[in-house]
Amino acid sequence: MNNEEIKSYISSHLPEATFDETGEWLNVIIDPTSLIAIANVLRGQPMQLDYLFNLTCVDWKTHLTMVYHLTSTKNRNVNIVMKANLDRNNPTVETLCTIWRTAEMLEREVFEMFGVQFLNHPDLRRLILEESTPNGYWPLRKDFEDPINMIKL
């Protein structure tokens, strides 16, 4: 599938999706409330994006953006980046663990480092920092200040 076919297919299932082709891969920008629906569409036929190989978050100071890199192990050259903007003050989004198992640990890391709450995650707990780390201690957010190590971004 080429980018035009991918855009057409996604638009037929999610008309409000927007696209950005400025990078190497097609970027699909969606509303976070549509995440599960479009993820199921992308995982199935004909796209078969069966491998979520990266999931991260970006802090833009005004909002957070979830970034999902998807590829197909069955269809060569079918790769997309899916993005969803979240409210910085209450960042919540559904988990993708039930669709791509690789999301489980990556979501735990984003939860810990950015404070994103993944709804219905099977084991949303700290991965790197100590369990006693206070809530609101999100080291990868741009407003993070660490008084002990004197880090200020």
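Colleague: How many aromatic pairs does the structure hold, and how is such a pair described?

Modeller: A pair of aromatic rings is described by the distance of the centres and the angle of the planes. Rings of Phe, Tyr and Trp (its six-membered ring) pair if their centres lie within 6.5 Å; planes under 30 degrees apart count as stacked, over 60 as edge-to-face and the rest as tilted. The structure holds 3 aromatic pairs. One of them joins Trp25 and Phe53: the ring centres are 5.7 Å apart and the planes stand at 85°, so this pair is edge-to-face.

Colleague: Where in the chain do Trp25 and Phe53 lie?

Modeller: They belong to distant parts of the chain, 28 residues apart. Trp25 sits in the loop between strand 1 (18–20) and strand 2 (26–30), while Phe53 is in strand 3 (residues 51–59). Helices (H or I, at least four residues) and strands (E, at least two) are DSSP runs, numbered from the N terminus. This is a predicted model, in which local features need pLDDT of at least 70, side-chain atom pairs count only at pLDDT 80 or more, and totals for chains, interfaces and linings use all residues. Residues are numbered from 1 along each chain as its sequence is written, and side-chain values use heavy atoms, with hydrogens and water left out.

Colleague: Which type of pair do Tyr51 and Phe53 form?

Modeller: The ring centres of Tyr51 and Phe53 are 5.9 Å apart and the planes are at 45°, so the pair is tilted.

Colleague: Which residues does the cis peptide bond join?

Modeller: The cis bond joins Gln45 and Pro46, with omega about 0°. Pro46 is placed in the loop between helix 2 (35–43) and strand 3. Gln48 is found in the loop between helix 2 and strand 3.

Colleague: What is the phi of Gln48, and is Gln48 buried or exposed?

Modeller: Gln48 has a positive phi of about 55° although it is not a glycine. With a relative accessible area of 17%, Gln48 is buried.

Colleague: What is the phi of Asn77, and where is its place?

Modeller: Asn77, a residue other than glycine, has a positive phi near 65°. Its place is the loop between strand 4 (63–71) and strand 5 (79–87). Asn77 is exposed, at a relative accessible area of 67%.

Definitions and conventions
Buried < 20%, exposed > 50% of the residue type's maximum accessible area, 1.4 Å probe, protein only.
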